[in-house]
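Have a look at the picture, then go through the notes by topic.

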Amino acid sequence: HALSLHDALPLWLAQGIDRVAERAADLDALYEVVHDEVEDTALHFASVLRTARLSTGIIGRVLRRRRRR
């Protein structure tokens, strides 16, 4: 038997709401993954930058000491 528009509309809306909720959950999961990756990358970059600064400082001191001799 065919559903009338009046009867089908609540079912159609409920299905649409379910699809939107599924998409929102997918987007939330994607956001979590991207956020974690960005955070890890930022921490790695900060570590590399700190190491580079430290190395530059050490190399500079060695070169200055050599010039004094």
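A residue is called buried under 20% relative accessible area, exposed over 50%, and partly exposed in between. Glu37, at 48% relative accessibility, therefore counts as partly exposed. Please keep in mind that this is a predicted model.

**Overall form**

- The protein chain contains one helix and zero strands. Its radius of gyration is 30 Å, well over the 11 Å that the globule rule gives for 69 residues, so the chain is more spread out than a compact globule.
- Along the principal axes, the C-alpha atoms of the protein chain fill a box of roughly 100 × 10 × 10 Å.
- Helix H1 covers residues 5-68.
- For a sense of spacing, take Ala29 and Thr41: they are twelve residues apart along the chain, and their C-alpha atoms are separated by 18 Å.

**Surface and burial**

- Of the 69 residues in the protein chain, buried residues make up 3%.
- The protein chain exposes about 6,800 Å², and carbon and sulfur atoms supply 62% of that area.
- Ala29 has its place in helix H1. Its relative accessible area is 44%, which is why Ala29 is described as partly exposed.

**Nonpolar patch**

- Which residues form a nonpolar patch on the surface? They are Leu5, Leu9, Trp12, Leu13 and Ile17, and together they have about 570 Å² of accessible area.
- Leu9, one of the residues in this patch, lies in helix H1. With a relative accessible area of 40%, Leu9 is partly exposed.

**Charges**

- The protein chain carries 11 positive and 10 negative side chains. The centres of these two sets lie 38 Å apart.
- A patch of negative charge on the surface gathers Asp28, Glu32, Asp36, Glu37, Glu39 and Asp40.
- A patch of positive charge on the surface is made of arginines: Arg61, Arg64, Arg65, Arg66, Arg67, Arg68 and Arg69.
- Within that positive patch, Arg67 is a handy example to pick out. Arg67 lies in helix H1, and because its relative accessibility is 66%, Arg67 counts as exposed.

How values were computed. Residues numbered from 1 in each chain as written. Predicted model: local features only at pLDDT ≥ 70, side-chain atom pairs only at ≥ 80, totals over all residues. Heavy atoms only, no water. Patch = residues over 30% accessible without salt bridge, like charges linked within 9 Å, V, L, I, M, F, W, Y side chains within 5 Å. Areas by Shrake-Rupley, 256 points an atom, 1.4 Å probe, with all protein chains shown as cover. Salt bridge = Lys/Arg side-chain N within 4 Å of Asp/Glu carboxyl O. Lys, Arg positive; Asp, Glu negative; His and termini not counted. Charge placed at Lys NZ, Arg CZ, Asp CG, Glu CD. Helix = DSSP H or I, 4+ residues; strand = E, 2+ residues; numbered from the N terminus. Buried < 20%, exposed > 50% of the residue type's maximum accessible area, 1.4 Å probe, protein only. Rg over C-alpha atoms; globule rule 2.2 N^0.38 Å.
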